[in-house]
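Okay, everyone, thanks for coming. Let me put the model up, and then we'll walk through it together.

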Amino acid sequence: MSGNDPDMDMDMTMLNALAEPNRKRIVELLREGPLTVGEIADQLGIRQPQASKHLKVLSESGIVDVQAEANRRIYQLRPDPFRALDSWIQSFRRIMEERFDKLDDYLRELQNKEKN
């Protein structure tokens, strides 16, 4: 993948956002379902302004959606960034599996030579 690949840029944005421990914990909380800023702050044991700051980063990086209901903001995960990340990881998995298959073939070949 080139440095100009938009999918790669999105993945790096997502990875950068998730690199911060509180943001990763927020994503883990939201995996169970939508939550308000207050619920997130309470569960993480942080102040609401801190939670809001982290949620803003997650929102700007496309990881979460926010829905306004009266004076509450409800956050939920967006599936698309995780699908893209999974696809990116799968590309590495395929490469590694091909390498392991080649190693298996090579080891079998060596074993056959030893038998003969």
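So, to start: is R108 buried, partly exposed or exposed? At 46% relative accessibility, R108 counts as partly exposed. Buried here means under 20% relative accessible area, exposed over 50%, and partly exposed in between, using a 1.4 Å probe and protein chains only.

Quick housekeeping. This is a predicted model, where local features need pLDDT of at least 70, side-chain atom pairs count only at pLDDT 80 or more, and totals for chains, interfaces and linings use all residues. Residues are numbered from 1 along each chain as its sequence is written, and side-chain values use heavy atoms, with hydrogens and water left out.

Back to R108. Its salt-bridge partner is D105, with the closest N and O atoms 3.0 Å apart. By salt bridge I mean a side-chain nitrogen of Lys or Arg within 4 Å of a carboxyl oxygen of Asp or Glu. Both residues sit in helix α5, 3 residues apart, about one turn of the helix. Helices (H or I, at least four residues) and strands (E, at least two) are DSSP runs, numbered from the N terminus. D105 is partly exposed too, at 44%.

Also in α5, K113 and E109 form a salt bridge at 3.8 Å, N to O; they're 4 residues apart, so about one helical turn separates them. K113 is exposed at 56%, while E109 is partly exposed at 42%.

The whole structure has 8 salt bridges. One of them, D65 to R78 at 3.6 Å, N to O, links distant parts of the chain: D65 is in strand β2 (residues 64-69), and R78 is in the loop between β3 (72-77) and α5, 13 residues apart.

Now the inside. The largest nonpolar core has 21 residues, and I26, L30, I40, L55, L58 and I63 have the most contacts inside it. A core here is a set of buried Ala, Val, Leu, Ile, Met, Phe, Trp, Tyr and Cys residues joined through side-chain atoms within 4.5 Å. Helices α1 (6-18), α2, α3 (37-44), α4 (48-60) and α5 each supply at least two of its residues. What does L30 touch, leaving aside neighbours within four places in sequence? L30 is in contact (heavy atoms within 4.5 Å) with L35, I40, V64, Y75 and L77.

Last stop, the loop between α2 (21-30) and β1 (35-36), where you'll find R31. R31 is exposed, at 60%, and its C-alpha is 53 Å from that of K115.
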